[in-house]
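I set aside some time for this model and kept notes as I went.

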Amino acid sequence: MTATLPNPSSHPPLQGEANGYDLIGDVHGCGQSLERLLLLLGYQKIAGVYRHHERQAIFLGDVVDRGPRIREALHIVRDMVEQGSALMILGNHEFNAITYCTPGPTAGEYLRPHTPANARQINETLTQFAHHPREWQEFLHWFAGLPLFLEIRHPGTGQIFRAVHACWDQQIIDQHRAIYGDGHIDWTFINRSVQKGSAESITKQRLTGGVDLPLPQGETMVASDGYVRRAFRTKFWGHSAQTYGQLLFQPDPIPEHIARTKISAEHRAQMVHYDESQPPLFIGHYWLKGHPRPLAPNLACLDYSAVKFGRLVAYRMDGEAQLQPDKFVWVYVDP
Ligand SMILES: [Mn+2]
């Protein structure tokens, strides 16, 4: 008897074998929009799983929370990853889901405290899985096996490109690699990530949440989502920023008097620099609006607020060194 080999034409590419990669931003439960985007990108549903004969999708994290079809979106993505037609990195929402649902050392408590704000973030996901508790546990364990970042060499051009949910911080990534070899985590990492000041908490926060700076003098502001914020999101590229307003990278403005203030030496020291000599990098996370375009020649954010009736956005990466405006592909998300 001879072993049956998979038919090469029906076998999706493995990592490093694809001719191209389709990086996809924050899905946040927009399962129907995801299917429309995959079809637009030329993926076909074969035996229940979306595949492309020569391309691989890379999900940039935050598939869960907020939207109407979280469970469907997760099944689509996990099936693709298990069949080799996609890769996925962790977003802050998947990471928070793991810690929110994992019991802590104290009886009755969880690694991520069940505060009203934390509960609100995950509420839609838990509601949609209310009748599928075992399935939800399986997804949580699957999340724990995903990496925080990827670095891939395009097989055609040899060009390296990178993916992380919010911020590529080389120093933190080097530290993580020294322990784990690559972007993966384990349960020790997850347990330590909730201890304030631990290396793991800094790694998790920086890579999946980016660089937040505190508002000066302990000021607070109410963001458009209703949350009270003590910090604001900043850029980690474009180093010409002199004021906080120029450094700001979030949909909500900060108070005018802060926006005009010169960046302090202390805050300057906390900034991360991703300069234009670095390989192309893909991120999600930042709730962009408008017409998708590169943020820098080597940087694209693919989160265009799909779940707020924006766009679900992909970038078709074919190993180019400079990202091109015409390689963004998207579907509009209708109310
Ligand atoms: Mn997100």
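**Entry 1: pocket lining.** I began with the largest pocket and asked which element gives the largest share of its lining; it is H8, with 7 residues. I note here that I am working on a predicted model. H8 covers residues 199-209, and helix H3 (92-100), helix H4 (116-128) and helix H11 (265-270) are also among the elements that each supply at least two lining residues. Strands take part as well: S8 (212-214), S10 (228-229) and S11 (231-233) each give at least two.

**Entry 2: pocket size and centre.** I looked up the volume of the largest pocket and found about 1,600 Å³. Its lining comes to 50 residues. Nearest the centre I found Arg-112, Lys-204, Gln-205, Asp-212 and Arg-229.

**Entry 3: the metal.** Next I asked which residues coordinate the manganese ion. They are Asp-26 through OD, His-28 through NE2 and Asp-62 through OD, at 2.1 to 2.4 Å. Along the sequence I read the donor spacing as D-x1-H-x33-D. Asp-26 and Asp-62 are 36 residues apart, and the pair links distant parts of the chain. I located Asp-26 in the loop between strand S1 (20-24) and helix H1 (31-40), and Asp-62 in the loop between strand S4 (55-59) and helix H2 (70-82). Are these two aspartates buried or exposed? Both Asp-26 and Asp-62 are buried.

**Entry 4: nonpolar cores.** The largest nonpolar core has 91 residues. I listed those with the most contacts inside this core: Ile-24, Phe-59, Met-80, Trp-136, Phe-143, Phe-236 and Phe-282. Domain 1 (20-209 + 274-332) and domain 2 (211-271) both contribute residues, so this core lies between them. I also found a second, separate core of 13 residues, including Leu-215, Met-221, Ile-254 and Met-271.

I then picked Phe-143 and looked up what it touches, leaving out residues up to four places away in sequence. Its partners are Val-64, Leu-74, Leu-90, Glu-94, Ala-97, Ile-98 and Trp-136.

**Entry 5: Val-331.** Last, I checked Val-331, which sits in strand S16 (residues 328-332). Why does Val-331 count as buried? Its relative accessibility is 8%, and the cut-off for buried is under 20%. Leaving out residues up to four places away in sequence, Val-331 touches Ser-33, Arg-36, Leu-37, Leu-40, Gly-310, Arg-311 and Leu-312.

Definitions and conventions:
Residues numbered from 1 in each chain as written. Predicted model: local features only at pLDDT ≥ 70, side-chain atom pairs only at ≥ 80, totals over all residues. Heavy atoms only, no water. Donors = N, O, S within 2.8 Å, 3.2 Å for Na, K, Ca; no water. Helix = DSSP H or I, 4+ residues; strand = E, 2+ residues; numbered from the N terminus. Buried < 20%, exposed > 50% of the residue type's maximum accessible area, 1.4 Å probe, protein only. Core = buried A, V, L, I, M, F, W, Y, C linked by side-chain atoms within 4.5 Å. Domains from an automatic or database assignment. Contact = heavy atoms within 4.5 Å. 1 Å grid on protein atoms, 1.4 Å probe; cavity = no way out; pocket = protein on both sides within 12 Å on 5 of 7 lines; lining within 4 Å. Points joined across faces, edges and corners; volume = space filled by probe spheres on them.
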